[in-house]
Amino acid sequence: MKSFVGVGRGGVSAAIAEATRGLSAPQLIVFMAPYDDLSQVASYLKEQYPDAESIGTSGISLANGSVSDKQVVVTAFFDDTVVSAGVLEQISACPIAEIGCLEKKISQVHPNRDDTVCIEFCTGSEEKLVTTLNAAFDQKGVQLAGGTVFGVPEGKEAFVAYNGLLYEDACVYALIRNKTGKIKVYKENIYQKPADSQAHFATKVDTQKRVVLEFDGRPAAEVYSKELGISKDKIVNNVMRNPMGRAVGDQVFIASMKELTPEGGLLNFKRINKNDCMYFLELTDYDSVERNTREMIRTEMKRISFILSIDCVYRYLLYDGEGYFERYAADMASLGNHAGLVGGGEQFNNQHVNQTMVCAVFE
């Protein structure tokens with residue numbers, strides 16, 4: 001599959017010109033830009049490439065080893081793919097209302113289980129969104145890799161872009177079928193259940209506010225504090241070392257703590273449902289995990305042409321604080337043409353997760 005990754009910095013016009021140098025006749029453009037530049041970049045790309053569909057988001061971006069929140073990154077897909085893109089609006093209310101339009105978009109790409117993916121960027125309401133997408137994707141075998149907008153200035157609205165326009169309270173998506181090889185999505189977790197970990201069941205929750213009030217009939221913060229030997233006021237600051245994880249079969253999906261509530265509950269970035277089985281996780285040897293992920297990708301995808309990744313901001317903060325993120329970005333680029341985004345949440349197939357890397361790999 002032919003792929004294009006361009007990156008540009010400086011003033012908006014100069015950055016866009018540099019990022020699109022050599023780009024011609026794309027079918028689909030997926031882009032990342034600084035928050036303040038998102039509208040102008042979206043509009044310019046639609047004007048310059050009127051026949052291409054485009055989706056975009058803002059925040060910290062990666063492009064073949066380059067990492068910045070001040071660069072424009074443009075990726076493109078061509079006529080060796082079948083693409084269809086769209087937008088789901090009012091996702092905080094009832095995204096399922098637009099499932100008919102989504103299903104029509106899916107039918108246009110004639111998906112197969114091993115060569116089709118949906119890339120999406122959203123402003124929030126991830127659980128409602130993933131439920132809607134999964135209802136449309138499950139029977140068709142469409143894989144999902146997506147990210148939530150991060151880095152919106154305080155007091156400003158989160159936006160995503162579709163075909164030159166900005167949308168709030170929305171999800172923009174692109175369905176891509178590769179005509180020349182496989183597509184596979186991966187999820188990387190650098191946390192694990194400790195050998196002596198205890199299972200805890202969420203016995204009282206507020207799903208609307210994403211608060212778990214009690215584990216095993218006791219205040220959630222009290223249970224976390226006692227097991228890890230950390231005072232309650234240090235719980236939120238400990239999120240990069242010991243987040244929570246929901247057990248689903250043999251997999252664990254991470255939920256990050258955001259705030260301690262007055263009644264001793266934990267407000268999280270991911271919803272925890274009543275009776276969910278949760279563990280308090282520990283950070284592993286992430287360098288080893290990263291090497292193993294890359295080796296698995298190389299083994300399973302023999303002719304890599306492009307990788308699009310979404311990293312949680314907590315992974316970015318952890319790696320950046322330890323001087324590791326630029327090395328990580330370079331290592332990802334060693335797999336092939338690479339672009340990435342640092343997001344506030346990640347979507348992987350039928351799950352919304354935190355503190356995770358998800359990526360779509362194209363042959």
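A crossing of two helices is left-handed if the near helix is turned anticlockwise from the far one by less than a right angle, and right-handed if clockwise. I wanted that written down before opening the model.

**Ground rules.** I am working with a predicted model, where local features need pLDDT of at least 70, side-chain atom pairs count only at pLDDT 80 or more, and totals for chains, interfaces and linings use all residues. Residues are numbered from 1 along each chain as its sequence is written, and side-chain values use heavy atoms, with hydrogens and water left out. Helices (H or I, at least four residues) and strands (E, at least two) are DSSP runs, numbered from the N terminus.

**Entry 1: two helices.** I looked up helix α3 (residues 99-109) and helix α4 (residues 126-137), which pack at an angle of about 45° with their axes 10 Å apart. Axes are lines fitted to C-alpha atoms, for helices over the stretch in contact, and angles run from 0 to 180 degrees between N-to-C directions. The angle makes α3 oblique to α4; under 35 degrees counts as roughly parallel, over 145 as roughly antiparallel, 65 to 115 as roughly perpendicular and the rest as oblique. The crossing of α3 past α4 is right-handed.

Which residues of α3 meet α4? I found Ile99, Leu102, Glu103 and Ile106 on the α3 side, facing Thr132, Leu133, Ala135, Ala136 and Phe137 of α4. Contact here means heavy atoms within 4.5 Å. Sorted by class, this contact has seven nonpolar, one polar and one charged residues. For the classes, Ala, Val, Leu, Ile, Met, Phe, Trp, Tyr, Cys and Pro count as nonpolar, Asp, Glu, Lys and Arg as charged, and the others, Gly among them, as polar.

Entry 2: I traced six strands in an open sheet, ordered β7-β12-β8-β9-β26-β27, with mixed pairing. Two strands pair if DSSP finds at least two bridges between them. At the edges I found β7 (81-89) and β27 (351-353), each pairing on one side only. From one strand to the next, the twist averages 15°. Inside this sheet, β9 (residues 143-148) and β26 (residues 346-348) pair in the antiparallel sense over three bridges, and Gly147 has Glu346 in β26 as its bridge partner. Helix α4 packs on the sheet, touching β7, β8, β9, β12, β26 and β27, and its direction makes about 160° with that of β8. Helix α3 lies across β7, β8 (116-122) and β12 (170-178), at about 175° to β7.

**Entry 3: another open sheet.** Here six strands run in the order β1-β6-β2-β3-β10-β11, and the pairing is mixed. Because β1 (4-8) and β11 (165-167) stand at the edges with a single partner strand each, one side of each is left without a neighbour in the sheet. The twist averages 20° from strand to strand. I also checked β2 (residues 28-33) and β6 (residues 72-77), an antiparallel pair with five bridges. Leu28 has Phe77 in β6 as its bridge partner.

**Entry 4: strand β16.** Is β16 (residues 211-215) mostly covered or uncovered? I found it mostly covered, with four of its five residues buried (under 20% relative accessible area is buried, over 50% exposed, in between partly exposed; 1.4 Å probe, protein chains only). Strand β15 (residues 200-206) pairs with β16 in the antiparallel sense over four bridges. These two strands form a hairpin with four residues between them, and Arg210 in the turn has a positive phi of about 60°.
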